[in-house]
Structures are given as structure tokens and as C-alpha cells.
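Biologist: I am new to this structure. Could you walk me through a few of its features?

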Amino acid sequence: MASLLKTESLSKSFGALAAVAGVSLSIEEGSLHSIIGPNGAGKTTLFNLLTGTFPPTSGEIFLGNQRITGTPAHQVAHLGLARSYQRTTVFPAFSLLDNVWTAAFATRRDWKGLLFKKSSSYDDVQERARQALGDVGLAEKQNHLAREISHGEQRQLELAIALAAAPRVLLLDEPAAGLSPEETRRMVELVRSLKGRYTIVLIEHKMDIIMRVSDRISVMHFGRLIAEGTPAEIQANADVRRAYLGGMAA
Amino acid sequence: MRKEIVLLLISVVLLPFIVRPAIATEIWIFAMFGLGLNLLLGYTGLLSFGQATFFGSAAYVAGWLLKHYGINVLFALAVGTGVGALSAALVGYLCVQRSGLYFIMLTFALNQFFYFTAYQWTSVTGGEDGMPGIPRPSLLGLDFSKPIVYYAFVSAIFLLSLWAMKRIVEAPLGKILQAIRENEVRAAAVGYDVPRFKLAAFVIGGAFSGAAGVLYAMLFGIVPLEAIGFVFSGNVVFATLIGGSGSLYGPIIGSVVFIWLSESMSTIWARWPMLLGIAFVIVVLFLRGGVVEAWHRFSRLRA
Ligand SMILES: Nc1ncnc2c1ncn2[C@@H]1O[C@H](COP(=O)(O)OP(=O)(O)OP(=O)(O)O)[C@@H](O)[C@H]1O
Ligand SMILES: [Mg+2]
């Protein structure tokens, strides 16, 4: 299998803090690749680099054969990279349908009628938006406002916005953050159902989830990659146990 | 939506019988000015404190051409729309990269820059005395020197711009601007070049405000220096917030309230701006959606 997303010695420093330090990562097309690591390990910063939120201090990013280092966020979205956020980042006063509509329209092949055509008359966008809401199980609530639904539903919406872009790569930053055990179970099922349809990079804290869904796992610690392998290999890795699993997985 | 349109058409017909035609005309002109501002304020969530820059620049340029070359009224409107858009492109270009207080201060500072340019450039603008002698040339046999005829013309232009603005905010552009207002980070992440869309809001809003400036110059036959000053910029923000920045019709209602109050009260009671102050405090504290929200709450209560 070919690698779809690749980084070479990717680094980002905030002043004296090396949040991401020399990360070389290769994500296979169609796989679910997880990134784990303790708080502050640099996982979210890595996503911010991949999606062009800010440019890296050094290193390179490739999508397929294309070098995308330094490409700004709004252009990255058009290349087929979509992300969800650890802290819910939606459009609060919009209906759920408008939330996903906005994402679906952005990646449409053209923006004809941008100024004068009625938003509701883009059948293809409408269809893709409904599909994305349906995929996360929010179809019935499409007319509710995003700020009025529960935290759990907002986490589902967070994912739907990423899906609505019809991306090649899905970057999910702790989709189960703050969810109850029951909600977490459903979120895991949801992520599992997306497996195979997208190339997925998943940041997650909860070890049981990671071990169940991942094809491969990379472990970050103080900005560095300290291990990579299959779930079984990671569980057996002594460094990982010492750095991370020892305290967490018990 | 239907109900609002019918109500508006009735108001347009009745207004010149309730207040003097000149004041009625000023109300719709000020409403157009507010429509332009509200694309930035209400839809994009950008508090522009310099909208008079576009209103005033357009009034001066079109006014000057009317005065010296007696250009066609429609051409004057087109020029004003263009000048409004162009000056907004310039101001917008400098402002869209900033946010929060810096953004507001910069729109204000640039407004001051335009104001002092007009103040100093007396040979063209007349400085403090304003630019008098702006004609209202007839169009297709319509004699605009008759107040009621000019009122009808302004009403038609106003309704046309309202229709255009309605189309814009109901099109994807309107949704994208609101998405930027709701969450800039996410809007960029899903694929929108946020600064460019903000600039588009400036340019389109500036075009509407510019057209209003030309109608204003022809209404009073003069471009007063205040037309490009910060008090005007403040007034339109004020009126829009009172009317309700969250709605397409907010600036229109705000204009009716603001102009009507200022015209009717200023002769009776010198301290009338206090009333506006009180209205403003009420809006800020209890009624974020202005008169429009008050109306919605009232209708729900009745239902
Ligand atoms: N914009 C920023 N400016 C300054 N420091 C930052 C910035 N973003 C992240 N950091 C710092 O970089 C380090 C890595 O943060 P990051 O959010 O990437 O960690 P994380 O692995 O996602 O942690 P968590 O599991 O808690 O989400 C932290 O020390 C954090 O404080
Ligand atoms: Mg994080």
C-alpha cells in the first residue's frame, strides 16, 4: 500500500518549547493510524501543522506526491484534508444543516452563483450535507441550532463537518473528548464505520479505543515519536510502557 | 418574508404623508447606508466604525461631477457606487488582517484620515462649508426638483438595493460571511480564505453606502463635511444596532427610528439624543436583536 500523507523531520517550536520535534511519519492510504501520547506531547500541534494552521519551524509535509509544507489552512482543505477539533469548533448560531452545508459548499468544484444564487438551490451540496449528518446520526436534528444541542451531539457534529468536505484524509482530534462511557461507545462505533472509506489519522487518549480500532499506532512524547507499530507491538513495547502506558492503561 | 415586504411597501407609500417628503427621502437613504454597513456589522461580525468614509467619498466625487458637468443622475449613482466600493477596497485591504479593538480603531483612524483630507482640500470640497450647488438634473422627463418625485426615485433605488442585498445574503456569500462571524477558525479550516471574504464584505457594503451618499448629496444640494465624519459613522452603527443588526430589515427600522426621532425631536428638545442613548442602553442590556427582536418576542407573546 502507498503512503498518502507523509512528514519528514517536522518540527515546531513556540519560543524555547519544541512542541513537535523531528517527526517523520507515514500514513498509508486507507488505513486508520492513531497517534497517542500524554498531555502536551504535541499531538494537536502536529495536526495544526498538517492542516496549515501555522507553518512548521522546519521539515516537510507531503500529500501524495505533492509537497504541501506551508500551504495555508483554507487551501489545505481544498487538497482533501479535513479535520475535527479537540475543543468543539462549530458555527453556534447555525442550524446543524447549515453547519455541514458550509463545509460541503467550500469543497464544491466551483463556486458559481456565489453572489446571487439561493443557497438552498444547490442540490449537490444539500445532498452531501444531509449525507454527512446522516453518517453521524444527526439527520433528525438538522434544523436544531448547534449551540442548543448536547455536548455529545456537538462532538458528532464536529465530525460531520469534517465528513461534509468529502476529504481524502480525515484528521480526528480526540473525537470522544468529554463524552460519557455510553456516548464514547457510540463514537467508537462511528469511527469504526468510517474505516476503509477514508484514510484516518486519529488522536485519542483512551487506550481501549485505540487498541480496538487502529491499524497502526505512533506514540509521541515531548514532541518526539518514540515508537510506532501495530497495536500488539505497541502494547509490548517497553519504552512506551515506561513513558506512557504504565500510568494510563492500568 | 412576504409579510415584511408588504409592510415595507405600505410604509414607502404612506411615509411622505406622515413626515415631510425630504425627511421621508432621508430615511430611505440612511437605510441604504445602513444596509451596506450591516453586511459588515451584522453578517460578518465586523464593527466598522468608518462607514462614512465610503458614503462621503462617493458623495464628494459624484457631487463634483454633477455640479461641474451636470452628469446624468443614473451615471452619478454608478460613479458613487464605484467610489464607495473602491474606497472600501482600500480601507478593507488595510483592515481585514486585524481583529477586535485594533480593527475598530483602524476603521476609525482611516475615516479620520479621509475626513481631514476633505477638511483641508477646500478648493474641491469646500472644507468646513461643504460642497454646495449640487443639482438634481431631470431624468427622462422626471422633474426631480419636485420633492415628491425625488422621493419616488429614491424609494425605487432603495427597494432595488434591498432586493439586491437580500439576494446576496441568501446566496452562499451571505452564509459564508455569517460562518466567518460565527467561527473564523472553522471557516478557514473548511476552505474559505477569510481575509478575502471580509474584503468582499467591505467592497459590497461600501458600494451600497456609496450609492446612498450620492442620493444624499442630491437631496440636500450640498455635501456637508459631516457626511464623511465619524459622527455619521457612529450614527449609522447606532441606528443599525437599535433596529437590529441580526436581520436584513434591522437597519431599515433603525433608520426610521433614528431619522424620525432626530428630525421631530431636535426642534422641540435640544437634549433629544438622550432618548437615543436610553434606547441604546436598552438594546445593549436587554435586546441584543434590537427592534426586530422586540417585535418577534411580542408576536410570540400574542400567539
Ligand atoms: N499556539 C501555541 N502557542 C504556544 N504554545 C503552544 C501552542 N500550541 C501548543 N502549545 C504548547 O505546545 C505543547 C504541545 O501542545 P499540544 O496541544 O500539541 O499537546 P497535545 O498532545 O495535543 O496535548 P493534549 O493531549 O492535552 O491535547 C504544549 O506544551 C502546549 O502548551
Ligand atoms: Mg491535543
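**Strand pairing and a metal site**

Modeller: This is a predicted model.

Biologist: In which sense do strand 4 and strand 5 of chain A pair, and over how many bridges?

Modeller: They pair in the antiparallel sense, over 2 bridges. Together they form a hairpin with 2 residues between the strands, and A:G64 in the turn has a positive phi of about 60°.

Biologist: Which strand does A:T7 have its bridge partner in?

Modeller: The partner of A:T7 is A:I61, in strand 4 of chain A. Strand 1 (residues 3-14) and strand 4 (residues 58-63) of chain A run antiparallel and are joined by 5 bridges.

Biologist: Changing topic, what coordinates the magnesium ion (ligand 2)?

Modeller: A:T44, through OG1, and A:Q86, through OE1, coordinate the ion at 1.9 to 2.1 Å. The pair links distant parts of the chain, 42 residues apart: A:T44 lies in helix 1 (residues 43-50) of chain A, and A:Q86 in the loop between strand 6 (81-83) and helix 3 (96-106).

Biologist: How exposed is A:T44, and what about A:Q86?

Modeller: A:T44 is partly exposed, with a relative accessible area of 26%. A:Q86 is also partly exposed, at 31%.

Biologist: And A:E204, is that buried or exposed?

Modeller: A:E204 counts as buried, because its relative accessibility is 2%, and the cut-off for buried is under 20%. A:E204 is in the loop between strand 8 (199-203) and helix 7 (207-213) of chain A. Beyond its neighbours within four places in sequence, its contacts include A:I35, A:E174 and A:I210.

Terms used: Residues numbered from 1 in each chain as written. Chains lettered and ligands numbered in written order. Predicted model: local features only at pLDDT ≥ 70, side-chain atom pairs only at ≥ 80, totals over all residues. Heavy atoms only, no water. Helix = DSSP H or I, 4+ residues; strand = E, 2+ residues; numbered from the N terminus. Buried < 20%, exposed > 50% of the residue type's maximum accessible area, 1.4 Å probe, protein only. Contact = heavy atoms within 4.5 Å. Pairing = 2+ DSSP bridges. Donors = N, O, S within 2.8 Å, 3.2 Å for Na, K, Ca; no water.
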